[in-house]
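Please read them alongside the coordinates.

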Amino acid sequence: MSAPHAGERAGVSDGVTVRRLGSSEAANCVPALADVLIDCVEGGASVSFMLPMTMDKATRFWQTVADGVARGERALLVAEAGDGRIIGTVQLLLALPENQPHRANVAKMLVLRRARGRGVAQRLMHAVEQAARDEGRTLLVLDTVTNSVADRLYTRAGWQRVGEIPDYALMPDGAYCATTVFYKSLAGSEHAPSRR
Ligand SMILES: CC(C)(COP(=O)(O)OP(=O)(O)OC[C@H]1O[C@@H](n2cnc3c(N)ncnc32)[C@H](O)[C@@H]1OP(=O)(O)O)[C@@H](O)C(=O)NCCC(=O)NCCS
């Protein structure tokens, strides 16, 4: 695995900066990331958590993520507003079985409700795909709630829809929701390293 790109700047536009955090930064950002997660779950996002969403649940989750960043098992990206506050985040899960060294999963794309509809997620998506290339990963997989804003986002970003699984998970209030599985091949795209 290549070295972490701590503090690497992945893109700047409209005062919003997207960058990949190093492990100490990831640990320091746990409270701010917890605020983003709580805001999303309270806004109805199906992202592993049920209501009531608490600071304790959110903090424990992000501490686990920060530990994974320190072990090189995850890349953690954040979008920051001009004042440096975190308004969005996404992760690349790198710890996969040894027969899938070319693959990674994209997870936990989250943007604060007040920062939505300005292309922040689109920028995070672009940056996480570049982080995957930097790690030598050429096949990405993710899933998301069917017919959601995120579903449209991934389709726009050129991801291929694999199919839909009904009643896959629960919304934070307990209702079942379907998930759509997507993949994107980075093989042959710009800067993708060759394995052969
Ligand atoms: C899904 C999510 C990450 C999208 O974040 P976002 O920053 O609002 O996404 P974008 O701004 O890139 O795109 C959202 C919409 O704004 C539009 N948009 C983007 N830039 C825009 C701009 N400058 N002006 C107007 N509209 C714009 C996009 O076209 C898109 O429209 P659509 O929903 O009709 O397709 C956000 O809604 C979220 O955090 N949801 C809860 C968590 C979640 O479900 N995450 C997915 C887990 S897999």
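**Notes on the predicted model**

1. Helix α5 contributes the largest share of the shell around the ligand, four residues. Helices (H or I, at least four residues) and strands (E, at least two) are DSSP runs, numbered from the N terminus. At least two shell residues each come from β5 (103–111), α4 (120–134) and α5 (149–156).

2. This is a predicted model, in which local features need pLDDT of at least 70 and side-chain atom pairs count only at pLDDT 80 or more, while totals for chains, interfaces and linings use all residues. Residue numbers start from 1 along each chain as its sequence is written.

3. There are 19 residues around the ligand, and Ala45, Arg116, Gly119, Ala121 and Ala150 come nearest. A residue is near a molecule or strand if its C-beta atom, placed from the backbone, lies within 6 Å of it. By class, the shell holds 11 nonpolar, five polar and three charged residues. Here Ala, Val, Leu, Ile, Met, Phe, Trp, Tyr, Cys and Pro count as nonpolar, Asp, Glu, Lys and Arg as charged, and the others, Gly among them, as polar.

4. For the protein, the secondary structure comes to five helices and eight strands. The order from the N terminus is β-β-α-α-α-β-β-β-α-β-α-β-β.

5. The axes of α2 (residues 30–42) and α3 (residues 55–70) come within 9 Å and cross at roughly 125°. Axes are lines fitted to C-alpha atoms, for helices over the stretch in contact, and angles run from 0 to 180 degrees between N-to-C directions. α2 and α3 are therefore oblique to each other (under 35 degrees counts as roughly parallel, over 145 as roughly antiparallel, 65 to 115 as roughly perpendicular and the rest as oblique).

6. On the α2 side, Val30, Leu33, Ala34, Leu37 and Ile38 meet Met55, Ala58, Thr59, Phe61, Trp62, Gln63 and Ala66 of α3. The contact of α2 with α3 has 10 nonpolar, two polar and no charged residues. Two residues are in contact if their C-beta atoms, placed from the backbone, lie within 7 Å.

7. The cut-offs are 20 or more other C-beta atoms within 10 Å for buried, 12 or fewer for exposed, and partly exposed in between, with C-beta atoms placed from the backbone. Not counting residues up to four places away in sequence, arginine 74 touches Val65, Gly68, Val69, Gln91, Leu92, Leu93 and Leu94.

8. Of the 196 residues of the protein, 34% count as buried.
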